[in-house]
Amino acid sequence: MSAGRHRMRSKLHLAAAAATVGVLVVTTGAWFGYRELIQPSCSGEIRLAVAVASELAPAVDAAASQWVKDGAAVGPTCIRVDVSASDPVDVAAVVAAKHGAVLAGVGQASGTAVSPDVWVPDSSTWLLRLKKDATAFAPTNGASIARSPIVVAMPEPIATRLGWPDKKFNWTDLLKQVNSSTPLRTGIVEPTRDAAGLSGLLSLTAAASAAGGDAQRNTVGALRALATGRSSLRNDLLARFPTANDSTSIASGLGAAALSEEDVIAYNSKKPPVPLAALYMEPAPMPLDYPYAVLPGIEPSKASAAKVLFELLTSPTFRNRLAAQSLRAPDGNWGEGFKAPQGAPSPSGGAPTAPANGGTAAGGLDPAAIQRVVSSWSIATQSGRMLAVIDVSGSMKEPVPSANNRSREEVTVDAARRGLSLFDDSWSIGLWTFSTQLVGNRDYRELVPIGPLSGQRGQLEGALATIKPSSGDTGLYDTMFAAYQAVQENWQPGRVNSIVLFTDGKNEDDNGLNQQQLLGKLKQAADPERPVQVIMIGIGEGVSKSELESITKVTGGDVFVTKDPSEIGSIFLSAIARRPPAPR
């Protein structure tokens, strides 16, 4: 449909019109009321479902309702807009499931959730995470329609003691407070499920990596400190700030958390006993940018209606509707009535400007960096029981050009060592190696039995340092079944019991189980009451993905294959993070 047929009909063109009100229930359980006009001149009706982050939904609903009242249409076809206030994590779960993916920390979609035509989450990080894990997910538009900077919210007495509002704060300052001998009581909304939490985590871990010294140790320290004060819901986190203006309450309450500017304004509007200061950090973290995403697969007529609605939501008059919700326009400016927190940079004094890539939200973010941080967080904050099984066949001696010609074995062991540092002491981990005939006629060797990290972390680190390639072949099938039996034997309830196996080849043991025998034994051993998740990471050109998938189809789990062994570190983190929740 041509642009000339996209219009907002004037009241002058309306004949007798009847308004009705409807209510529709979706994931959040609450829809904003909408008005629809049935016009005699309409040749049909387009019904556009728009899911919007809760804090922005009133502004979108008000604008859409006025548009409908004034005669919203595309050509001769009238438009009805159903605006729902939807938690972004719920919609993300629905969209991921539709594309056969599961986002780390998000889990499965609820049975009542539905996919909208247009989605306006609070952050483009949701779109980037979906695109990373669901390659077929290709929404259009994606430009920002609102903005709220991410700040560090801090009770005013604590902020004043640290130099607010005159002092400029950076993430290194906060990191020092988090890792000090008397640490600031920090909190975070689960960053796998909350965009403000994720933005703060990205900035803090970047500061930890750049702080000098042991970057991995700094990062893990920051993750663990935040993990002790995490909340699953933003309202739960806000409730942990001090509720009385005395030293004991302030000392025992929450001291700092990454939240949006809108969160701080909304909190302070209720006149709490201890107001929150908004610390505008340097460098500025990724703001909530509210991308307008037209989801793939919608009808052309709906896509046309969505285009006209976007034009409405980026018009100058929409800025004042945003201000009423304590939100800024995409360029960082604000409309009439906006009450900025003390210390907020004014639009003329350094406020965030429009995205550098011409209006597409979050254009500068690296999806791989987001995935690494999400995966690291998921590992650092969950508990499990795992047997790591590492291939030491002769082909693991092959050099990896993209890793300064280190061997496949060295790259694999390094990935395992770095991953180990993220697991806290609540984990139980064991370590095997395998090839062919490593111990007599047996293809595998137990280096460390599965046990609590609290008592054998040093033993595992020492064992990893001893791993060298053998001259043998790949005894995959016998090893796989023995590992499955070992994990299942002392299966622990309430935890994910899993195997992570690294290999660069196919099964080459002619004296052991064949594929049919292995699958038969695994089917016989599988117990739905004691599931064992199998994660198989294939390295290089010699791996048969179909061979590995035949195993995980029986056991449950997943297969990851990379031709570039230097990528296995990030693959390992992603694989662990995407495991299903522990059975209850």
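A nonpolar core is a set of buried Ala, Val, Leu, Ile, Met, Phe, Trp, Tyr and Cys residues joined through side-chain atoms within 4.5 Å. Buried means under 20% relative accessible area (1.4 Å probe, protein chains only). The model is predicted: local features need pLDDT of at least 70, side-chain atom pairs count only at pLDDT 80 or more, and totals for chains, interfaces and linings use all residues. Residues are numbered from 1 along each chain as its sequence is written, and side-chain values use heavy atoms, without hydrogens and water.

The largest nonpolar core holds 72 residues. Leu 279, Phe 423, Leu 431 and Ile 576 have the most contacts inside it. Beyond its neighbours within four places in sequence, Phe 423 is in contact (heavy atoms within 4.5 Å) with partners including Arg 224, Leu 453, Phe 572 and Ile 576. Another core, of 61 residues, lies apart from it and includes Val 68 and Leu 322.

The whole structure contains six aromatic pairs (ring centres within 6.5 Å; planes under 30 degrees apart are stacked, over 60 edge-to-face, the rest tilted; for Trp, the six-membered ring is used). Trp 432 and Tyr 444 are stacked, at 4.6 Å centre to centre and 10° between the planes. Both Trp 432 and Tyr 444 are buried. Phe 502 and Phe 572 form a tilted pair, with 5.5 Å between centres and 55° between planes. Phe 502 is buried, with a relative accessible area of 1%; for Phe 572, also buried, the value is 4%.

Conventions: Buried < 20%, exposed > 50% of the residue type's maximum accessible area, 1.4 Å probe, protein only.
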